[in-house]
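Please keep the coordinates open while going through them.

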Amino acid sequence: MIKVFRFLAICAIGATFAASSIAWAHTTYSQVDYPGAVLTEIVGGPNLQGTSVGIYNLTSGGANHGFVRTARGVFTAIDVPGATSTTPNFINLEGVVVGSYLDSAGTSHGFVLNRGTYTTVDYPGATGSGVSSVNDLGELSGFYCSDAACDASATFHSFVRNRSGVFTSFDPPGATGSETSTVSLIGIVVGSYDTASEPTCSTQCLGYVLSYGNYTTLQYPGSSFTFAGGGNIWNTVVGIYTDAAGKGHGFIESGGSYTSFDYPGASFTEASGINALGVIVGLFTDSSGNTHGFIRTP
C-alpha cells in the first residue's frame, strides 16, 4: 500500500508543479525577519503552499523560539509547552510541523505539531533525540545523540520512522556520526556525516543521499565541509559548503552537478530547504553580522 500512496502523492505534486511551473524571469531573493527579533533563521520548507518554519531570538544569545511563516508573510510563533528552546525543522503540505526542543532539564526531544497538538518523539533508549523532517505520508527523519542536549560534543546517528511507528537507525559506511535532514515521498533520505575523530560536523563534513539502500556522498568540489540541508522530490539537494578561507556559501546539487550561490551582499549563506518548485530557503549573515532568513525563487 505504501507504493500506492507514494504514487498518488507524487502524481499530485506533479500536477501542482505543472500548474505552477510558470518560469520566473530571474532569480530573486527576499529577506525574512521575525518582528522584533534580533536573529531570524528559516530552517525548513517551504512546502508547496509557500509556508516555511524557522527560529527567532528576541535577545542576542537568547533562547530559540519557533515560527511558521506563510507565503503572505504572516508569522505564527511556536513554543513547545514547558520547553526552554524550540526549533521547528520542517513543515509538510498538510501543515504538520516537526522539530526539536529542550526540556527544563536540558534534554533534547523531537516533536510533531499536528492541528495544534504537540507529540514528543524520542528514538527508543536514546539519551537525546530530534526530528528533522516529515514527508506527506507521515514518515519521519531524525537523529539521536550520545548526550542529553544533543550539543556539539555529542555523537549523532541518523534514523527514519515509518508510518507504523517503526524506527530504523543507520550511518553511512565509514561515518563516525551522522544526521538526517529530509526524507522524501519516495523514501530517499538526505543528510550529512563525519569521518573525522570529532563527533559532529564541526569542521569536516560530507553530505549523503540514501536511496533504496545505496549511499551517495555529496562533496562540493574542493571543499572539506559540505552539509546537505535538504532535498526535494526531484532529488535536488541544497546545503552549505565552506571555501578555502572558511567562508560559508549555499549550494544546489542536481545529478552530480553543483551550483554555488550567496545572498546578495552576505558574508555567510546557508541553504536549509528546497521544495518541488525549486524555491529555496535558508539564512544569511549581513555585513554587520546580523542573521536573517531568506527565500530564493528560481
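1. Is Cys150 buried or exposed? Cys150 is buried, at a relative accessible area of 13%, where buried means under 20% relative accessible area, exposed over 50% and partly exposed in between, with a 1.4 Å probe and protein chains only. Cys150 lies in the loop between strand S11 (140-145) and S12, and its phi is near 55 degrees, a positive value in a residue other than glycine.

2. On the basis of the values: this is a predicted model, in which local features need pLDDT of at least 70 and side-chain atom pairs count only at pLDDT 80 or more, while totals for chains, interfaces and linings use all residues. Residues are numbered from 1 along each chain as its sequence is written, and side-chain values use heavy atoms, with hydrogens and water left out. Strands (E, at least two residues) and helices (H or I, at least four) are DSSP runs numbered from the N terminus.

3. Tyr212 also has a positive phi in a residue other than glycine, near 50 degrees. Tyr212 is placed in the loop between S16 and strand S17 (214-218), and is exposed, with a relative accessible area of 64%. A further backbone point is the cis peptide bond that joins Gly45 and Pro46, with omega about -10 degrees; Pro46 lies in the loop between strand S2 (39-44) and strand S3 (52-57).

4. The structure holds 23 aromatic pairs, a pair being rings of Phe, Tyr and Trp (its six-membered ring) with centres within 6.5 Å, counted as stacked if the planes are under 30 degrees apart, edge-to-face if over 60 and tilted for the rest. Among them, Tyr123 and Phe159 form a tilted pair, 5.5 Å centre to centre with 40 degrees between the planes. This pair links distant parts of the chain, 36 residues apart, with Tyr123 in the loop between strand S9 (117-121) and strand S10 (128-134) and Phe159 in strand S12 (residues 156-161). Tyr123 is buried at 15% relative accessible area, and Phe159 is buried at 0%.

5. Phe170 and Tyr208 form an edge-to-face pair, at 6.3 Å centre to centre and 85 degrees between the planes. Phe170 lies in strand S13 (residues 167-170) and Tyr208 in strand S16 (residues 206-211), so the pair ties together parts that are 38 residues apart in sequence.

6. Tyr29, Phe261, Tyr263, Phe284 and Phe294 form one aromatic cluster. Arg296 lies over the face of Phe261, at 4.6 Å from the ring centre; the criterion is NZ of Lys or CZ of Arg within 6 Å of the ring centre and within 35 degrees of the ring normal. Phe284, in S23, is the bridge partner of Thr269.

7. S22 and strand S23 (residues 280-285) pair in the antiparallel sense over 6 bridges, where pairing requires that DSSP finds at least two bridges between two strands. The two strands form a hairpin with 5 residues between them, and Gly278 in the turn has a positive phi of about 85 degrees. Strand S22 (residues 268-274) is largely enclosed by the rest of the structure, because 5 of its 7 residues are buried.
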